[in-house]
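The entries follow in the order I looked things up.

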Amino acid sequence: MATWQELEAELVDRLAGAPPDDRLVFAVGVAERLMRAQEALPADEQAEYALGLRPMLNALWEAALGNSTAFGEVKHGMGEYLLSEYCHNDGQDGPGDADEPAAAAVLYAAVAYLFGTDDLTSVVSSRAVEAVDERLNTEDSYADDPDEVLTAELHRQLRDLALISQHSTSLRHASLGLDIETSARLHRVLRIPLSSIEAGA
């Protein structure tokens, strides 16, 4: 049985060989799951800055699935981040809100979309793995096998990438815009399952 480190290496290899539009959908899907996990927390534990990125994440879904008019909203959202106090070079002395896993995943996915920086997709993947690891270290998770939980997250990501690859032909020119019918179909067959945070989904 493969270790989580081996699965992570396999995922990185598969991402490197995947088409750019597939990688973007993958990154947005991972960011969505992290955001939903953040939104499911009790109100006093939620990260306000991360939740404020929900509109940009919704726009990223639109963009990734063929709505080219979403570019402006993603660009505007990234501009707000770049001009905010959360974009800084002060290390641990600056506000860390943008480094929360859901927030970071949305921002990395936005950069990947706006600038075609494909290698950031694997960074988004690793933020989800780190989020699982952080949860194991902060919760009373004595009943969980850490390796098993990390392995489950990476199996999930590999399944997501395999699902996306089944629709590569439709996604091939998503960045240039797709017709409404194709985009709506992709929302049904990709956004819904990729957004699920249920175990084994």
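I began with a helix pair in this predicted model. I looked up the handedness of the crossing between α1 and α8, and it is left-handed. I then listed the residues that make this contact. From α1 they are W4, L7, E8, E10, L11, R14 and L15, and from α8 they are D147, L150, T151, L154, H155, Q157, L158 and L161. Sorted by class, the contact of α1 with α8 has eight nonpolar, three polar and four charged residues.

Next I checked the geometry of this pair. The axes of α1 and α8 come within 9 Å and cross at roughly 20 degrees. An angle under 35 degrees counts as roughly parallel, so α1 is roughly parallel to α8.

I turned to the other partner of α8 on my list. Helix α7 covers residues 120–138 and helix α8 covers residues 146–165; their axes come within 10 Å and cross at roughly 155 degrees. Because angles over 145 degrees count as roughly antiparallel, α7 is roughly antiparallel to α8. The crossing of α7 past α8 is right-handed.

On the α7 side I found S125, A128, V129, V132, D133, R135 and L136, which meet P146, V149, L150, E153, L154 and Q157 of α8. I sorted these residues of the α7 and α8 contact into eight nonpolar, two polar and three charged.

I stayed with α7 and checked its length. It has 19 residues, which at 1.5 Å a residue should span 27 Å, and its end C-alpha atoms are 27 Å apart, so the two values agree.

Which residues of α7 are buried? I noted L120, T121, V124, S125, S126, R127, A128, V129, A131, V132 and L136. The elements covering these buried residues include α1 (4–17), α2, α6 (101–115) and α8.

Is R33 buried or exposed? Its relative accessibility is 10%, so R33 counts as buried. Leaving out residues up to four places away in sequence, R33 touches E153, R156, Q157, D160, L194, S195, S196 and I197.

My last entry is on A37, which also has its place in helix α2 (residues 20–39). A37 counts as partly exposed because its relative accessibility is 38%.

Methods
Residues are numbered from 1 along each chain as its sequence is written. This is a predicted model: local features need pLDDT of at least 70, side-chain atom pairs count only at pLDDT 80 or more; totals for chains, interfaces and linings use all residues. Side-chain values use heavy atoms; hydrogens and water are left out. Helices (H or I, at least four residues) and strands (E, at least two) are DSSP runs, numbered from the N terminus. Buried means under 20% relative accessible area, exposed over 50%, partly exposed in between (1.4 Å probe, protein chains only). Axes are lines fitted to C-alpha atoms, for helices over the stretch in contact, and angles run from 0 to 180 degrees between N-to-C directions. Angles under 35 degrees count as roughly parallel, over 145 as roughly antiparallel, 65 to 115 as roughly perpendicular and the rest as oblique. A crossing is left-handed if the near helix is turned anticlockwise from the far one by less than a right angle, and right-handed if clockwise. Contact means heavy atoms within 4.5 Å. Ala, Val, Leu, Ile, Met, Phe, Trp, Tyr, Cys and Pro count as nonpolar, Asp, Glu, Lys and Arg as charged, and the others, Gly among them, as polar. The expected span of a helix is 1.5 Å times one less than its number of residues.
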